[in-house]
Amino acid sequence: IRLLKFEIARDHTLYFALEAFLLADAPPYLALSYTWGPAEESEFARRNAAQLKHDEPPKPCTVIVNGSTVQVTANLNDFFRHYEAHVDSANYASLHIWIDALCINQSDRIEKAVQVMQMDRVYSCAQCVVVWLG
């Protein structure tokens with residue numbers, strides 16, 4: 001299993017390390033279930049951040065994982081922002097998170113097929129499962 005670990009937030013960008021474990025040896029982790037959607041900034045994020053004028057197009061939502069820029073859906077980005085704002089930073093920094101879009105190689109069909117077959121175990125072994133609808 002691959003798990004994300006929050007490293008730092010800098011300049012409104014979130015940085016994560018992606019770490020691999022045997023499922024039986026994984027540290028306590030949160031598993032996220034959420035709705036997918038377009039990889040662009042949501043209306044919610046634009047209004048709350050007041051970053052864009054109303055007539056500007058949405059910008060892509062990105063995070064940094066192991067030094068690489070990764071595009072995420074607007075809904076996932078909203079989850080990260082909400083979670084970061086409502087969780088003690090010491091707890092946030094020590095937390096491992098499983099998110100299918102980032103912890104499974106989405107461009108590898110074989111890996112996706114294998115991982116989908118194991119998702120019941122991934123969710124059942126999680127310390128906590130969070131459902132995020134936005």
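A surface patch here is built from residues with over 30% relative accessible area and no salt bridge, and nonpolar side chains are joined within 5 Å. In this predicted model, Val129, Val131 and Leu133 make up one such nonpolar patch, covering about 300 Å². Valine 129 sits in strand β7, which spans residues 128–132.

Seven strands form an open sheet with mixed pairing, in the order β5-β4-β2-β1-β6-β3-β7. At the edges lie β5 and β7, each of them pairing on one side only. On average, and ignoring direction, neighbouring strands of the sheet are turned by 40° against each other. Helix α5, running over residues 109–125, packs on this sheet and touches β1 (2–10), β3, β6 and β7. The direction of helix α5 makes about 115° with that of β3.

Now for the pairings themselves. Strands of a sheet pair through backbone hydrogen bonds, either parallel or antiparallel. Strand β3 (residues 29–34) runs parallel to strand β6 (residues 96–98), and three bridges join them. In this pair, alanine 31 stands opposite tryptophan 98 of β6.

The antiparallel sense shows up in strands β4 (residues 61–65) and β5 (residues 68–72), which pair over five bridges. Here isoleucine 64 faces threonine 69, a residue of β5, as its opposite number. The hairpin of β4 and β5 leaves two residues between the strands, and asparagine 66 takes a positive phi near 50° there.

Methods
Residues numbered from 1 in each chain as written. Predicted model: local features only at pLDDT ≥ 70, side-chain atom pairs only at ≥ 80, totals over all residues. Heavy atoms only, no water. Patch = residues over 30% accessible without salt bridge, like charges linked within 9 Å, V, L, I, M, F, W, Y side chains within 5 Å. Areas by Shrake-Rupley, 256 points an atom, 1.4 Å probe, with all protein chains shown as cover. Salt bridge = Lys/Arg side-chain N within 4 Å of Asp/Glu carboxyl O. Helix = DSSP H or I, 4+ residues; strand = E, 2+ residues; numbered from the N terminus. Pairing = 2+ DSSP bridges. Axes fitted to C-alpha atoms, helices over the stretch in contact; angles between N-to-C directions. Contact = heavy atoms within 4.5 Å.
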